[in-house]
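Hi everyone, thanks for coming. I'd like to walk you through one model today, going from domains to chain contacts. Please have a look at it first.

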Amino acid sequence: MTLLLLQFLTGLTNAMFLFLVASGLSLIFGVTRIINFAHGSFFMLGAYMAASLAAVLPGGAGGYYLGLLLASLAVALLGGLVELLLLRRIYRSAPLYQLLLTFALVLVMADAVRLFWGPENRLGPPPPGLSGSLPILDQQFPTYDLAILLLGPSVAAGLWWLLYRTRWGILIRAATADREMVGALGVKESWLFTGVFVLGSWLAGLAGALQMPRQALTTVLDSTVIAEAFVVVVVGGMGSPFGALLGAVLIGLLQAFGILWLPREFHMVIVFLLMAIVLIFRPWGLLGRPLQSDRGEGGWVPETSRWAGNPGWAAGGIALLLLLLPPLLPTFFVWLLVEILAFALFAASLQLLIGSGGMISFGHAAYFGLGAYGAALWMQQGGLPMPVAFLLGPLAALGAALIFGLFCVRLSGVYFAMLTLAFAQIAYAVVHQWYDLTGGDNGLLGVWPASALATPLRYYYLALLAGGIGLAFLGRVTDSPFGVTLRATRDHARRCEALGVNVRAHQLLAFSVAGLCAGLGGTIFVFLKGGAFPDYLGIPVSVESLAMVLLGGMQSLWGAPVGAALYLFLDTVITRSTGYWQAALGGILILLVLSFPRGVGGWLAGKTSREGSPDG
Amino acid sequence: MADELLLEARGLCKAFGGVRAVDGLCLHLARGEVRALIGPNGAGKTTLFNLLTGQLVCDNGLILFQGERISGLPPHRIWRKGISRTFQITAAFQSLSVLENVQVALLSRDRATHRMLATARRLGQEEAVRQLARVGLADQAERPCFVLSYGDLKRLELAVALANRPVLLLLDEPTAGMAPQERSALMALVSRIVAEEGLTVLFTEHDMDVVFAAAHRITVIHQGRTLAEGTPEAIRGNARVQEIYLGGGGG
Amino acid sequence: MLRMRGKALAVVGAVLLLAAGLLVFWLAQRRVERSIRIGEINTYSGIAAGFTLPYRQAIEMALDEVNAAGGLLGRKVEVLFRDDNGNPADAIRHAQDLVANERVDLLAGTFLSNVGLAVSDFARQQKVLFVASEPLTEAITWSKGNQYTFRVRPNTHSQGRMLAERAARLPQKKWAVIGPNYEYGRRAWETFWERLKALKPEVQVVGEHWPTLSKIEPAGYVTALLAQQPEAIYVALFGSDWITFAREASKRGLFQRAALVGILLGEPEYMDPLKLEAPEGMLVTGYPWYDISTPAHEAFVANFQKRTGKPPVNGSLVGYVTSLSIFEALRKAKSTNTDRLIAALEGLTVQTPIGPITFRPFDHQSTMGAWVGSTKRDAARGVGIMVNWEYVPGEKVLPDEAEVNKLRQAGR
């Protein structure tokens, strides 16, 4: 009994932090439609600044708690600056470019924290007056946690007052429900955006500052919090702060009791399992409302852009170079080219989903990784020769794409993205925990090409053949009746179904093709690296593939390989020359996004797209 | 010719939340007739269209088409049975060319939309051009459709909707947002094609001149129910319609 | 039209710039062919960043020392550091770069077990020597061991076993465990428990907890542990998870109710951030640098402090010992040839600040040991320290050749 009560209180306490982070994320998404990856970084900054300020400000307890408040306000200010100086410049591009920008900010801020505070783990000073605990039944409950349990609901009440009792709040809610309405009300949209960004960042900073006395400070705090915050927001319903409260309480309690009752294998995915189940049964989250729109989830779909065809001579020239040049290159560049080929195919498959299908996947790495594991397992557990394993590897990805896709295509917009993320995390957890089959977190080793293909150059030509076939297939699909129909479903799904097109079946087919090709990319990759590891299925790889597609531009299938080559080249050059590669890479990405707001490919394609855009 | 029953809807109901958009509505369409559906804003016209095409599923009621039950079928199956539609807000595929817009419909008719290894450009091109020629868009076939004028978009929609030679054509405000001259030109085009092909048409329209000029019969709906039905002359003379609709500011 | 031409110019310009960059890059490689080059791959960002910085500083110190003394084989020694971002695929790319491009003579480093294993397998494939410094997994020298891989640090098995020997003397019988949901956590517990059970068959497990790495929500685990009422708790938590857990556990009185045994938790990396909140009386493996009073070790501490302004941590010791081992192998081999380096390392005894260690020829594991002791708060220094410690050399806890062969057979 005591256990249940305490676990309940513990779950609620954690829920309060989740709520603070998630409500900020939800508000920002609701009004600006930005998926703010940097929200976790704001949380981390809040925690670090709070620890420093609380330690140096005079005045005992007063100074300490003033420090927490000041830290959260500093984060709010930073959020406002980010909106004013960076995001504002690219509101006219597709919403995904804002996402790429926030991803770049995550990299920059992680290194900024490492540079400023140092890489070592830290523990903030304990909270004066609240560092002890109170006896509850026969156990101790920390007084600080009790204070949080009181503070959380008051912040929620304050938010409620702000949203429902002030003019500004009414505007926020109106903007969340319907973007166009704000313009109609004669409000300066840009100030609403800045304001909501400041408020959202403040909530993240506040959560970080308040969490500081309970949690060690590390440079990975950002990533520990952001994924769960997204889950909370989605489970509750995007854009609904009270959905965020409900989602936070659900997840807080689920985690607290999951520790007690669920087997270990479930712990690392429990929140993603919950998200998957909620989205399968309630495709708009628990308190979210389905939007009656022909154009997906509240405008959060890629721009409907004119598809730039295949630049024949350029592709031919590059193919010729790829065929003839490598024997002249130093070995490392041959290896690097194989890696680029693997990612080019992987990114191009995502391109088919996003560019042609309008389906934004946040979990595409699952199919890349499963292609890698598929090949490794056929070879090691199945005892098949390497070339056969190479051919069969992508089938594992295809199978997973068929099954996961079946559920995903019932959703659209950001909910589709989140369900793909949930499935990817589930796949990640399976390969991470199934020690007997997959080797768990140590991965599968010794996955090298057969001896006849083992030299870098020979394997390169195999990769070129496979990657070339994959890319040509994707190019063919894009220009095929299926490709045209897929773009039609993206442009107007309801028009399409009223023309006898089974929209979901086509989306599922596209999802499977993309999964298969991503899997082939993974298969190429696994024999380059000699092993399969759970990281291949992780969130960072999914985000990287998105970054590649966006860097290249969504207008043409050829954007993705360009983006992949550019990203990997930058990454390789930067990581080998500086320890602060995250800051350098992030900085360059920011510059690229600001200079090429439609991607490098979009810029090269020139006037074929945006002009006279239909969204106008 | 006007006696064969083509479509029958019985006791259709559809509610959104607490609002009953369609509430026990009945509708009978005879083969070959051109029927106008009128009613004030929010009367349930678009909801009825969505129910007929399967894009909404009715809470209650039954829809029979050529004697066959179609309520509950998904939209793509209903389309194959011969019901085609246009949308109130133009719904072209913005990133495709004018020609490709028609091609999608033809590909769908030929069940070729899943083919991945053929080249779309070669499939059904001649037929698509012919379809475009019928609505006077042949010279614009290669243009991206987002550069089209509003009137041309409406024609394109018509071409797309006609591509599978439907039995029943649903037009949701075919002339909304057009200049008066363009309207009569478009309706003349519709009338000509309808006559050529012997189509049955159900259309909604705000412009009463268009309605009374084009419709064989008129159904008036109000608050999700049928208020009156009859020839244009009968409707014009109906006191309740006058009171609730024509007189009530809908005009 | 003008815009198109501008773009074409820009593209051509970018390509030329790239080509020029590659050329410079390529020529730069040719330049310093004369120094001995060691490629060092490690996790310098992300979850291990706090551990690897002092490690790297110690390597740089050893490097400066050896070069000040004239280098080795008449050549300067150079270390190329690369950040693997905690990711095996990135580590392999660096390894490829280091081997093919930078033409290093050997690879060294790694922190995370899966990265260590990935690089070890790459070394086998490419026939390059790899001296693994930090990774703890047993597999790297046993079940997945190979001819080209050597490992310096005492592995999970050794450290778990040392703790079990001491823990068997404790009166407590009801045990619980908390560790990360990783191979490291599982093996740290299994090796400890197998040995403890053998020494003291009456022990029993009352609870097992496996929080996700770096995502621990400590309060729930503390409550659950309190409810299970273990008499002793085995803690294998990593990095920040341990620090977060420790504060929560002490607030809720867990440390007063159960004896604690912590693998690695006596290392300064784990103790120092807790300052005086470190639990007392916990049985740990660690590194009591403040108490090891041989002249060689005191010199090491003094030099490190002078250089970095901070005392060494366990990672610094491992980095330094790894460097010395590599240097010694080079001296003995009188060559940078991989086969001769391997021959030199097999059975090589290296004099280190903590005494001699030997690389066992049959499994390539060094006999570097660890310190077992219990914790105490040191008010003067403001941190927790280890007391009543003993140094357990590797020889005492490592399995013999026959056992290793069995493990290697099973791993095939």
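**Domains, helices and chain contacts**

Let's start in chain C: the centres of its domain 1 and domain 2, taken over C-alpha atoms, are separated by 28 Å. Before I go on, this is a predicted model, in which local features need pLDDT of at least 70 and side-chain atom pairs count only at pLDDT 80 or more, while totals for chains, interfaces and linings use all residues. Residues are numbered from 1 along each chain as its sequence is written, and chains are lettered from A and ligands numbered from 1 in the order in which they are written.

Back to chain C. Domain 1 covers 32-155 + 293-369, and domain 2 covers 157-291 + 371-396; such bounds come from an automatic or database domain assignment. Between these two domains, 21 residues of domain 1 of chain C are in contact with 20 residues of domain 2 of chain C. By contact I mean that the C-beta atoms of two residues, placed from the backbone, lie within 7 Å. On the domain 1 side, α2 and α12 (314-333) of chain C each supply at least two residues, and α12(C) has the largest share, with 3 residues. For the naming, helices (H or I, at least four residues) and strands (E, at least two) are DSSP runs, numbered from the N terminus. That domain 1 side has 10 nonpolar, 10 polar and 1 charged residues. In this scheme Ala, Val, Leu, Ile, Met, Phe, Trp, Tyr, Cys and Pro count as nonpolar, Asp, Glu, Lys and Arg as charged, and the others, Gly among them, as polar.

Now over to chain A. Here the assignment gives domain 1 (2-121 + 137-281) and domain 2 (331-604), with C-alpha centres 30 Å apart. Their contact takes 31 residues from domain 1 of chain A and 31 residues from domain 2 of chain A. So which element gives the largest share of the domain 1 side that touches domain 2 in chain A? That is α4(A), with 13 residues. By class, this side of domain 1 of chain A has 27 nonpolar, 1 polar and 3 charged residues.

α4(A) has 23 residues and reaches 33 Å from its first C-alpha to its last, close to the 33 Å expected at 1.5 Å a residue; the expected span is 1.5 Å times one less than the number of residues. Of its 23 residues, 19 are buried, so α4(A) is largely enclosed by the rest of the structure. Buried here means that 20 or more other C-beta atoms lie within 10 Å of a residue's own, with C-beta atoms placed from the backbone. Just after α4(A), Gly118(A) takes a positive phi of about 90°.

The contact between chains A and B takes 30 residues from chain A and 35 residues from chain B. α20(A) gives the most to the chain A side, with 8 residues. Chains B and C do not touch, and their nearest C-alpha atoms are 21 Å apart.

Terms used
A residue is buried if 20 or more other C-beta atoms lie within 10 Å of its own, exposed if 12 or fewer, and partly exposed in between; C-beta atoms are placed from the backbone.
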